[in-house]
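Please read the following report alongside the sequence and the coordinates. It takes up a ligand shell, a sheet and a few individual residues in turn.

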Amino acid sequence: MRGSGAMDGLRIMDRSSMDLLFEALKRRGFALVGPTVRDGAIVYDTLDSTADLPVGWTDEQDGGTYRLKKRADAALFGYVVGPQSWKKFLHQPVLRLWRARREGKGFQIIPENDDPPKFAFIGVRSCELHAIAVSDKVFIGGPFQDSSYRLRRENVFIVAVNCGQAGGTCFCVSMKTGPKATAGFDLALTEVLESGRHTFTVEAGTERGEEVLRDLPHTEATERDRATVERIVEKTASQMGRTMDTTDIKNLLYQNLDHPRWDQVATRCLSCANCTMVCPTCFCSTVEDVTDLTGEHAERWRKWDSCFTSDFSYVHGGTVRSSVKSRYRQWMTHKLATWIDQFGTSGCVGCGRCITWCPVAIDITEEVRAIRETKK
Ligand code: SF4
Ligand code: SF4
């Protein structure tokens with residue numbers, strides 16, 4: 001997939017064209033998934049029409065804090081990111097890998113007939129595009145590819161949205177992952193609510209994005225429209241709730257594995273694993289085998305796991321990371337340092353979810369700052 005990143009092909013659509021976009025994608029066989037309000041949060045789930053979007057809602061976020069609030073307008077994308085990410089559609093939380101049936105003295109493996117829907121992701125933010133690109137490296141970037149991920153990923157149509165506001169825990173500017181979508185989308189929108197008008201600028205990043213766009217009424221953007229997009233993303237960039245100094249961060253962490261800050265954070269961390277569950281790039285999983293009572297059938301399931309569980313590092317009768325300190329240090333040094341050696345990129349895209357959804361408000365940006373200020 002390619003994103004032009006240029007403003008040359010910028011077009012303008014009105015609000016009603018969003019309904020037509022949904023219809024155009026459905027006609028092409030896509031199952032629409034995107035943001036919707038449920039249980040007091042904005043989650044990602046199947047959508048039928050634009051009425052399912054969080055129309056007129058916004059969110060307030062800070063360390064350990066998330067709250068929905070009504071907006072004064074009918075914005076479709078007037079919030080930041082919620083507890084869920086696109087990971088749940090591409091790297092499923094629970095997946096059966098195979099079944100087995102007893103055959104005489106042996107058994108026969110019955111492979112899974114995986115036939116996922118063609119997804120259209122609606123409302124993907126720039127940090128999330130970067131998270132998907134990171135996951136692509138992890139799951140399908142090397143010689144050993146995850147077939148389940150590949151099957152889901154290869155058909156995804158991505159409708160990105162440039163962020164019109166930043167959240168209290170966002171730091172995509174520090175991680176150079178936002179707030180403007182520059183690559184990895186089929187279509188990229190900017191929502192504009194000004195002077196009593198509700199419009200969207202739209203840019204195609206791929207041929208199939210361009211092809212869908214031909215079904216939608218639109219006009220060419222003017223210089224003023226282009227300036228409006230730049231103004232919106234610049235304003236968002238100036239609102240970041242958090243910052244992280246990433247200068248030589250890999251060596252900073254490698255050289256401070258014995259820093260006293262790890263003991264300090266361990267006194268607060270509950271090892272609850274929330275930060276890894278909400279993180280769009282964390283990919284740890286475990287496998288579980290189950291049999292039925294007759295002993296005739298067995299199944300192997302893959303489930304999300306976390307480096308914060310003691311079982312995850314259980315090897316030959318013992319847990320390698322038995323302390324909370326060692327688990328938090330493993331997680332943060334993997335995200336920000338060893339990930340770079342492993343995949344050539346940071347494992348953190350600055351979405352802020354781990355800060356918002358940590359029940360005791362542990363803040364990865366604050367932990368980096370504390371280590372940097374008193375480094376060896
Ligand atoms: S840092 Fe927070 S979210 Fe992560 S395991 Fe510790 S308490 Fe849970
Ligand atoms: S480590 Fe935290 S801020 Fe970074 S990508 Fe994961 S959830 Fe987002």
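How do the residues of the shell around ligand 2 divide into nonpolar, polar and charged?

## Basis of the model

This is a predicted model, in which local features need pLDDT of at least 70 and side-chain atom pairs count only at pLDDT 80 or more, while totals for chains, interfaces and linings use all residues. Residues are numbered from 1 along each chain as its sequence is written, chains are lettered from A and ligands numbered from 1 in the order in which they are written, and side-chain values use heavy atoms, with hydrogens and water left out.

## The shell around ligand 2

The shell divides into eight nonpolar, two polar and two charged residues, where Ala, Val, Leu, Ile, Met, Phe, Trp, Tyr, Cys and Pro count as nonpolar, Asp, Glu, Lys and Arg as charged, and the others, Gly among them, as polar. Its members, each with a heavy atom within 4 Å of the ligand, are F171, C279, P280, W331, K335, C348, V349, G350, C351, G352, R353 and C354. The elements that give two or more residues to this shell are α11 (324-343) and α12; helices here are DSSP runs of H or I with at least four residues, and strands are runs of E with at least two, numbered from the N terminus.

R353, one of the shell residues, lies in helix α12 (residues 353-356) and is buried at a relative accessible area of 1% (buried means under 20%, exposed over 50%, partly exposed in between, with a 1.4 Å probe and protein chains only). Leaving aside neighbours within four places in sequence, R353 is in contact (heavy atoms within 4.5 Å) with residues including Y44, E128, V278 and P280.

## A four-stranded open sheet

Four strands form an open sheet in the order β7-β6-β14-β13, with antiparallel pairing, where two strands pair if DSSP finds at least two bridges between them. The edge strands, β7 (106-111) and β13 (285-291), each pair on one side only. Within the sheet, β6 (residues 94-103) and β14 (residues 297-304) are joined in the antiparallel sense over seven bridges, and the bridge partner of V94 in β14 is K303.

## Two contrasting residues

M244 is found in the loop between α7 (223-238) and α8 (249-254), and counts as buried at 5% relative accessibility. Beyond four places in sequence, M244 touches F171, S174, M175, I249, L336, I364, T365 and V368.

K70, placed in strand β5 (residues 65-70), is exposed, with a relative accessible area of 52%. Not counting residues up to four places away, K70 touches V55, G56 and W57.
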